Structures are given as structure tokens and as C-alpha cells.
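Student: I am new to this structure and would like a close look at one part of it. Please take me through that part step by step.

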2 protein chains.
Amino acid sequence: MALAHYPVVNRQGVTIASAVTNLDIHDIARAGRTYGISGYYVVTPLSDQKRLVESIVSHWTDGVGAKHNPWRAEAFRLVRVCETIEDAADRIRVREKVSPLVVATSARRHDSPVNIGFIRSKLEDVPVLLVFGTAWGLAPEFLKSADHILEPLAVRGGYNHLSVRSAVSIILDRLLGDGV
Amino acid sequence: MALAHYPVVNRQGVTIASAVTNLDIHDIARAGRTYGISGYYVVTPLSDQKRLVESIVSHWTDGVGAKHNPWRAEAFRLVRVCETIEDAADRIRVREKVSPLVVATSARRHDSPVNIGFIRSKLEDVPVLLVFGTAWGLAPEFLKSADHILEPLAVRGGYNHLSVRSAVSIILDRLLGDGV
């Protein structure tokens, strides 16, 4: 999966590069390791933000943090920093010798979304890159270019303002959890 | 539900009062509002920590934050600060005119745990107070006094180190989500 800090939109719908949130790295690496994903790409084109993520990751995989908390180290070994979502897809293509299916997520409903069952069935045949946006969500230009858009986590009350950390956790559980 | 900062254990298994994490308030309030819970009790016996949570909550419900982000205000209105888990149960008892069933959560398996289906069936008859621990989990003395302990989120790989934010999100989705 990938967590994109670009291209995402701000409150006004303008495409921006957002700042990295430390707990996004921790929580999503831990959830990713729990559900057995093969890589967690933190996408940011900003070189200072890339360095920040790399230093956090190395603290937990090689540094004091790794000794302090070996479970955390195991989760952080999934984290790879890259500049664009396309870079993440390229790395998967090189490793798996096949292009991944790129699936965007969104809290809003778009035309012809796919559901969790569809993604789960695809996973048997092809690597899937599940992309989550920070800030106010993935930018329209990326949504247009993705192979599919996952339907939003519809909920009975109509309130749909989960943190990206919660949304990732719930979607991984629905896709890969033992309740499946 | 309640998020307990006391009584919880540290890495050595000693009972402590943990510090409040800002994003725990945000993420869990948002998830709680999404899934329609009726109250989110942040439990801490430390008066400076109580004041801290109260000032964060009032920023988002009455202050600048409420204007800036009305959705967040809606989520934060679920937050109540209290000193003990028993206080939270008492407030529910007063409001609902019946004692809530107190269900503890744990990442470890205990004797005679109950499953999500059991809790869901109870919800039809009685208020349920679902209690999550911070730090290294709820202290044994509380686990012993709870009415039930929910079975852990067992996962195929055996790695079980989710953040409390992820665990709450996944359990609310399994208990109250539309996939149910």
C-alpha cells in the first residue's frame, strides 16, 4: 500500500503536498505488518520530508528504537520512502515482474467504484497497490489515472470523517482480516 | 466506550497512569461518531491530564477549531473526561437507568473471552461500555473486575501490535459496521 502526501487536495480542493505525520508512519506500519502486506510506501516529493521519514524509519529499524522495541522494528521494515505513487508502482513491477493494479481510496463516492470483494479476488492473480491520501484526500488527477477506485466506507449515519489511520486499519481488516 | 490511561501496565507489567496522546482523542472521537457510539470517555485520574483533555475538547467544540472544522466538533461532542472507569460506568447508569455491561479489550487471550457476536447481541438489551487500554494494555486488576473480556483481534501471522487507534477502529467496524 501507499500513503500519498502528494498529489492530495487541501480543504479548498487545491492540489498540494502535505506534511508527514509521525503517527501515520507508526500506526500504518503496525497495521500493515499485522495484516501481512508486503510493503508500505510513504510517498512525498519533498526532500526534507523524505529525509525526515528516513530518519524516523532508521531510528526504529537500526537505531535505539530497534533495541527498545523489536516489534516496532518488524513493522518499520515494511516502510519505503518514494517520491511519487508511480515510483512505488515501478518498484513493485520490478520486484514482482508484473505491473500492480493501482487502487485509489476515497471518502467520497465516484463513478464505477469497486468493492472489497473485487480487490480480494484480484489479489490471487496480481499485486495490488492500495493508495490512501492524506490531507483532504487524493487529488482528482490521480483518481482519474488509477486502475480502480475503492468504494467509500459507507456507514449508516452518513458521517464520513475517519482519520487515514482508522480508514487504513478498517480497510485492511475487511480485505485481509480473519473475519473474511 | 472508554479509553483508559489508568489502570494500565507499562512494558514491565507494572500498573501506571499513562499520558494522554492527542491523536487518540481525535481519531477515536471521529471513529466513534462514524459508527454511532453514544459517548467516548477519556479516563485519567491525573488532574493536569484531565485539564489538558478538557482544553483540547473545548478548542474543537466551542473554540476556533469548531469554526474551522464543524465535522470535528461533531465528533468531539462525544468526548467526556472522567477519573475512573467506574465513573464512566456510573454516568451511563444514571443516563440509561441500568448498569452497563463492562467489556474489557486486550491484545492477549484470557480465559473465557467473548466474541464480537456476543457483544452485538447484548447491545439490543443493555448499554455496553467497551474499555480499551493505552500503554501496554489494561491492568490485570481491572480485567478481573470487568463483566467480560473481548477475544483479541487474532490475525493469521501472529503479529499483534496494533495501535489502540487501529484496534478501536477495527473493533467498532466489526461490531457496528455496515458489513455486519
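Student: In which sense do β6(A) and β8(A) pair, and over how many bridges?

Tutor: A word of caution to begin: this is a predicted model. Now to the strands. β6(A) and β8(A) pair in the parallel sense, and 2 bridges join them. Look for A:Ala104 there. Opposite A:Ala104 stands A:Ile149, in β8(A).

Now turn to the other neighbour of β6(A). This is strand β7 of chain A, residues 128–133. β6(A) and β7(A) also run parallel, joined by 4 bridges. A:Val102 faces A:Leu129 of β7(A).

Next, the strand itself. β6(A) covers residues 101–104, and both of its faces are covered. On one side sit A:Leu101 and A:Val103. On the other sit A:Val102 and A:Ala104. All four of these residues are buried.

In all, 30 residues of chain A are in contact with 29 residues of chain B. On the chain B side, the elements giving two or more residues are α1 (22–34), α4 (70–76) and α8 (164–176). Of these, α1(B) gives the most, with 7 residues. By class, that side of chain B has 10 nonpolar, 10 polar and 9 charged residues.

One helix pair in the two chains deserves a look. α8(A), residues 164–176, packs with α8(B) at an angle of about 55°. Their axes are 8 Å apart. The two helices are therefore oblique to each other. α8(A) passes α8(B) in a right-handed crossing. From α8(A), the contact is made by A:Arg165, A:Ser166, A:Ser169, A:Ile170 and A:Asp173. From α8(B), it is made by B:Arg165, B:Ser166, B:Ser169, B:Ile170 and B:Asp173. The residues of this contact divide into 2 nonpolar, 4 polar and 4 charged.

Technical notes. Residues numbered from 1 in each chain as written. Chains lettered and ligands numbered in written order. Predicted model: local features only at pLDDT ≥ 70, side-chain atom pairs only at ≥ 80, totals over all residues. Contact = placed C-beta atoms within 7 Å. Nonpolar A, V, L, I, M, F, W, Y, C, P; charged D, E, K, R; others polar. Axes fitted to C-alpha atoms, helices over the stretch in contact; angles between N-to-C directions. Parallel < 35°, antiparallel > 145°, perpendicular 65-115°, else oblique. Left-handed = near helix turned anticlockwise from the far one by under 90°. Buried ≥ 20, exposed ≤ 12 C-beta atoms within 10 Å, placed from the backbone. Pairing = 2+ DSSP bridges.
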